[in-house]
Structures are given as C-alpha cells and as structure tokens.
Amino acid sequence: MDIKQIRYISLPDESLRRGLLERLLARLPYPNRLVPGVIYDPDDPRFVPYTRGGIIDYLAGQPERFRGVVGLWIANSKALEDIVDRDGVTVVLEDDFVCKP
C-alpha cells in the first residue's frame, strides 16, 4: 500500500487520546496532521456548507447524540478536503481506532 499521509480526528477536549495517538504516529514514517473534531451545532454558521441537502430538517427530530455523528461526518469531510496528494493513499483515523493483527 502506498501510504502518503495520515490524518487523525480528535475532539479538542480529548487530550489523553490525542496524546497517545500522536506518540504512536510519531513512530511511523508518514507525515500526519490533526483534523479537529467537532460537535454539530445547528446554529453555528461554519457547518452550513456541510449540512445542505435537508440534514437540518432530519436532525430536528433525532436524539441529541446525532450531533456527534454529524460532527464526525463534518470532521471526515474536512480531512478529505485537506488531501492534496492524490497519487497515494491517505489514511484517516479517529483517535479511538483499534487495529488488530
């Protein structure tokens, strides 16, 4: 696999998870960068580009936990927007990923 870079998603208040992941990634030969995680807030104008297409109406009737799901989707979208090198593989991880042999 031709891995070119790693992007990892972590909420700002998850410093312990982020620190552990950063130590792990430092051992790998790939450049990596944090993509800040978000909790979706329907009143935050920064999220408008990611919520077009009816998702706001859908979320209005959903439990509060769906804000985290939409926030993760937004963070993944931002990670994909950030990818410049399209000739190789970019790995996008969350700070709580599990890798088993």
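Trainee: Which residue in E2 does Ile 6 stand opposite?

Mentor: Heads-up: this is a predicted model, where local features need pLDDT of at least 70 and side-chain atom pairs count only at pLDDT 80 or more, while totals for chains, interfaces and linings use all residues. Residues are numbered from 1 along each chain as its sequence is written, and side-chain values use heavy atoms, with hydrogens and water left out. Strands (E, at least two residues) and helices (H or I, at least four) are DSSP runs numbered from the N terminus, and two strands pair if DSSP finds at least two bridges between them. In E2, the residue opposite Ile 6 is Asn 32.

Trainee: In what order do the elements run from the N terminus on?

Mentor: The inventory is three helices and three strands. Reading from the N terminus on, the order is β-α-β-α-α-β.

Trainee: How many bridges join E1 to E3?

Mentor: Start with E1 and E2, which pair in the parallel sense over five bridges. Tyr 8 has Leu 34 as its bridge partner in E2, and its partner in E3 is Leu 93. E1 and E3 also run parallel, and the bridges joining them number six.

Trainee: How many of the eight residues of E1 are buried?

Mentor: Buried means under 20% relative accessible area, exposed over 50%, and partly exposed in between (1.4 Å probe, protein chains only). E1 is largely enclosed by the rest of the structure, because the number of its eight residues that are buried is six.

Trainee: What is the handedness of the β-α-β unit that E1, H1 and E2 make?

Mentor: Point the strands away from you and follow the path from the first strand over the helix to the second: clockwise counts as right-handed. By that test, the unit made by E1, H1 and E2 is right-handed.

Trainee: How far apart are the end C-alpha atoms of H1?

Mentor: The expected span of a helix is 1.5 Å times one less than its number of residues. H1 covers residues 15-26, so its 12 residues should span 16 Å. The model agrees, with the end C-alpha atoms apart by 16 Å.

Trainee: Which strands do the buried residues of H1 pack against?

Mentor: The buried ones in H1 are Arg 18, Gly 19, Leu 21 and Leu 25. Contact here means heavy atoms within 4.5 Å. The buried residues of H1 pack against E1, E2 and E3.

Trainee: And H3, which of its residues are buried?

Mentor: H3 takes in residues 66-81, and its 16 residues reach 23 Å from first C-alpha to last, close to the expected 22 Å. Its buried residues are covered by elements that include E1, E2, H2 and E3. The buried residues themselves are Val 70, Gly 71, Ile 74, Ala 75, Ser 77 and Ala 79.

Trainee: Which residues make up the largest nonpolar core?

Mentor: A nonpolar core is a set of buried Ala, Val, Leu, Ile, Met, Phe, Trp, Tyr and Cys residues joined through side-chain atoms within 4.5 Å. Setting aside residues up to four places away in sequence, Phe 47 touches Val 38, Ile 39, Tyr 40, Asp 41 and Ile 74. The largest one has seven: Val 38, Tyr 40, Phe 47, Tyr 50, Leu 59, Val 70 and Ile 74.

Trainee: How are the rings of Tyr 40 and Phe 47 arranged: stacked, edge-to-face or tilted?

Mentor: Tyr 40 is buried at 3% relative accessible area, and Phe 47 is buried too, at 1%. Rings of Phe, Tyr and Trp (its six-membered ring) pair if their centres lie within 6.5 Å; planes under 30 degrees apart count as stacked, over 60 as edge-to-face and the rest as tilted. That rule gives a count of one aromatic pair. The ring centres of Tyr 40 and Phe 47 are 5.9 Å apart and the planes sit at 40°, so the pair is tilted.

Trainee: Is Ile 55 buried, partly exposed or exposed?

Mentor: Ile 55 is found in H2, which covers residues 55-60. Its relative accessible area is 24%, so Ile 55 is partly exposed.
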